[in-house]
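Open the model in your viewer and keep the selection tool ready. Each stop below says what to select and what is there.

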Amino acid sequence: MKVIVSVKRVVDFNVKVGVKSDHSGVDIANVKMSMNPFDEIAVEEATRLKENGLASEVIAVSCGSRQCQETLRAALAIGADRAILVETNEELQPLAVAKLLKAIVEKEQPQLVILGKQAIDDDSNQTGQMLASLTDLPQATFASKLDVSEGRATVTREVDGGLQTLSLVLPAIVTTDLRLNEPRYVTLPSIMKAKKKPLEIVSPEDLSVDVSPRLKTLKVSEPPTRSAGIVVQDAATLIEKLKNEAKVI
Ligand code: AMP
């Protein structure tokens, strides 16, 4: 069973980004970049499938600038066998990424595609769903448990008020939630080994995909700053303020 995992290069989750002075976006010049945390979980899950004898090959795919090679090397260090970079300097929106992934799915014919549930930079939570729609494959989003056997994937999802279990016929698309697994600590020998694994570079034109943006960002601004809180003397004063000042009760 071939498994494809998608990995996005994003601003590291520890970095607090600032809005650019012209409000056109956030300033990411010279900030630390890392693999999207949900994608790290996807690579870990695919690697475990391989270690358990369920997957034969794990292919990591990233779409974006040349620097995404670092992200792919990180995926190879976790355990992916080979990597594909769809290199472009265009701004990539979820629909464009889904189209690129569809082209790779058609070429590689995987049984399973694992994506993160969302990228922590754009918070779109769209690419997996769009890919499922474009490829017409079954999907299970926000997986917190994944079992594969006899041509089916059984996926547990945390939903409001409990757990939902879905059974999908493979090939299928799965997106990862935080509790699916805890990615391993990558060792130095794995990082060294990853340097020798194959990394293929293709362009959107090679895949005949038009990646031009469909959405235009009008303005990005900081959230309003919160005013300082106050300490009230007793419950009666609190109720009076909630009623007459905040007008929330
Ligand atoms: P989003 O829909 O942007 O929140 O992203 C959801 C998931 O799609 C991410 O966790 C990745 O697995 C995948 N994805 C999004 N953008 C890219 C990209 N440029 N390269 C590779 N995978 C991506």
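Start with Gly79. This residue follows helix α2, and its phi is positive, near 160 degrees. Helices here are DSSP runs (H or I, at least four residues) and strands too (E, at least two), numbered from the N terminus.

A word on the model: it is predicted, local features need pLDDT of at least 70, side-chain atom pairs count only at pLDDT 80 or more, and totals for chains, interfaces and linings use all residues. Residues are numbered from 1 along each chain as its sequence is written, and side-chain values use heavy atoms, with hydrogens and water left out.

Step back into α2, residues 68–78. Select Cys68, Thr71, Leu72, Ala75, Leu76, Ala77 and Ile78: they are buried (under 20% relative accessible area, 1.4 Å probe, protein chains only).

Now select the ligand. Which residues are closest? Around the ligand are 18 residues, the closest being Ser6, Asp39, Ala119, Asn125 and Thr127 (a heavy atom within 4 Å).

Zoom in on Asp39. A side-chain N or O atom there is 2.6 Å from a ligand oxygen. Move to Cys63. One of its backbone N or O atoms lies 2.8 Å from a ligand nitrogen. Then pick Ser124, where a polar backbone atom is 3.3 Å from a ligand oxygen.

Next, colour by element. Strands β6 (57–64) and β8 (112–116) each give two or more residues to the shell around the ligand. β6 gives the most, with 3 residues.

Finally, colour the shell by residue type: 6 are nonpolar, 9 polar and 3 charged. Gly counts as polar here.

Definitions and conventions:
A polar contact is a pair of N or O atoms within 3.5 Å; within protein, one must be able to donate a hydrogen and the other to accept it, and residues adjacent in sequence count only if both atoms are side-chain atoms. Buried means under 20% relative accessible area, exposed over 50%, partly exposed in between (1.4 Å probe, protein chains only).
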